[in-house]
Amino acid sequence: MNNASLYRLLLVDDEPNILNALKRLFDELPKTQVFTAESAVAGTALLRKHRIDVLISDEKMPQVEGHRFVEWVKDRYPETLRIILTGHSDTNAMRLAVNRGDVYRYLFKPWDDNELLVVVRNALEHSRTSREREELVTELTQLVDRRTAELNKALSQLEAKQQSTEESLNNTFAFLDSVIAMINRETGGRTMSRRVSQLARRLAEDRDAGASHVRLCEMAAYFFPLGALSLDISIEDATDEEGEISSEVLQAGEHLLGSTLNLPELAHGIRHLSEHWDGTGTPDRLAGSEIPFISRTVRIAFDYIVTKEVKKTDHASVRKTLSARSGTVYDPTLVARLFDLLSWDDAASVREVPAGRLVAGMVLAHDLKLDNGMTYITAGTTITREMITSILNRIETSLFPLTEESPVHVFRENL
C-alpha cells in the first residue's frame, strides 16, 4: 500500500498496558498505521520523523502533562489533530483547552471501544481532509506564483522586444526620411515626412488615443508618401491647390502597405486621407467619426506642415485656413487640439544660428539637413561637442557638405 494513502495515528501513554490495548483496538482501522510512545519525548521524536494525522495523549504523565504536550504539538505541528485521554475530570481545564483549539476532543478512561473508534475514525478523516485542502491551497499558490513569474518574464521580454521594435522603427523612419529627400532632389530636399509624423504623434497623444493608435498615426505619416515615390513624383507635387492629395498616390500607398507589406490597418488609414468631415471627400464619402482616426489625424498634420513649411504661409494665415475648414474638411476637435498644441509665436521662441557658430547645449528646433536634404541630426537633439566637431568636418568636405553659414534652428531658451 502507498504510504501516502495511509492514515498515521500516534498514541502516547506512560502505561504500556494502556498503549497495547489501544494499539490492538486501532489495528482494526483500515489503512491506518499506528505508532506508540511511552513519553512525550519519545512522541516528539516520532512527530519529527513521520507526518502524524492524529495524536492521542494521556493527560497524567510523569515528565510532561498531556495538555502541555499537545500545546507544544499545536505550535509546531498544527496540522496534527490532538486528542486527550484522561482518567480524571477537570471540566474547566477541558473547556479552556477545547476553546483555545489545543485539543479536538477530551476522552475518558475507561473508554468505550465503539465510541473511541468512531471518534478516532472521524478525527483521522477530518485531519486528512484539512491537510489535503491546505496542500491544495499551497500547490495552487505555488502554481499562481510560477505562472505570475512566467507572465512577468514574458511581459518583460515583450516590453524589451517592443522597445527594440520601436527603436528599429524610429531608425527606419529616419532612414526613409533621408531616402525620400535624396530621391526628391528637385524639392530642395524638403521632405515633410518627419515633421508630419511628429505632429501626428503629438495630436494622437493629446487625444489619449492609446499607444497603438499613436504608433499607427506616426507610421502612416511616414509611409503614405511612398505612393508618390512609386509614381515618380514628390508628395508635395501630388497635392493640388486645394490641398487635396492625388487619389492615384493614395491608391498606390494603400496597395503597397496592404498587399506588399501586409499592413492592412495602415493601408485603410491611408486610403481615407482625402475623406472630409462633412462627407464630401473621397473615395467613399465617409463622414465624421466614420473616417478612421489615423486618416483624420495625419491629414490635418500633413496640411498644416505643407501650408506652413512648403508654402511658407505665416501663422495667422495658417490658422485662418484651418479654422475655415474645421467641421467641413477637418475633425473640429482635432483642429482645436492643434491650436492648443502649437505655439503660434514659434518665430519668437526659435533662433537661427549659423552652423559654424553652434555651441554645446543648444537644442535643435528643426532637423539639421545636408545640402542633399538628408537628415543629419534630428529635431529635439541637444548639441554636444562631438556633434559640433562632426558638423565642422562636414563643412570641410565636398560630399553633402554644410557651410559655415548654413542656417540651424535652435530653441532660444537653450542659447
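**Close-up views of a predicted model**

**View 1. Lining of the second largest cavity.** L273, E275, I291, S295, R296, R299, V329, Y330 and D331 line this second largest cavity (a set of points on a 1 Å grid over the protein atoms alone where a 1.4 Å probe fits but cannot get out; lining residues have an atom within 4 Å of a point). The model is predicted: local features need pLDDT of at least 70 and side-chain atom pairs pLDDT 80 or more, while totals for chains, interfaces and linings use all residues. Residues are numbered from 1 along each chain, and side-chain values use heavy atoms, without hydrogens and water. The lining of the second largest cavity divides into four nonpolar, one polar and four charged residues. This cavity holds about 60 Å³, taken as the space filled by probe spheres set on the points.

**View 2. Core contacts of V298.** F224 and V298 touch the most other members of the largest nonpolar core, which has 43 residues (buried Ala, Val, Leu, Ile, Met, Phe, Trp, Tyr and Cys joined through side-chain atoms within 4.5 Å; buried means under 20% relative accessible area, 1.4 Å probe, protein chains only). Helix α11 (a DSSP run of H or I, at least four residues) gives nine residues, the largest share of this core. Leaving out residues up to four places away in sequence, V298 touches V196, A200, C217, A220, A221, F224 and L273 (heavy atoms within 4.5 Å).

View 3. Across residues 16–26, α1 has I18, L19, L22, L25 and F26 buried. These lie on the same side of α1 because they cover an arc of only 130 degrees around the axis, taken from the directions from the helix axis to the C-beta atoms. N17 and R24 are exposed on the face turned away from the buried side (exposed: over 50%).

Methods: 1 Å grid on protein atoms, 1.4 Å probe; cavity = no way out; pocket = protein on both sides within 12 Å on 5 of 7 lines; lining within 4 Å. Nonpolar A, V, L, I, M, F, W, Y, C, P; charged D, E, K, R; others polar. Helix = DSSP H or I, 4+ residues; strand = E, 2+ residues; numbered from the N terminus.
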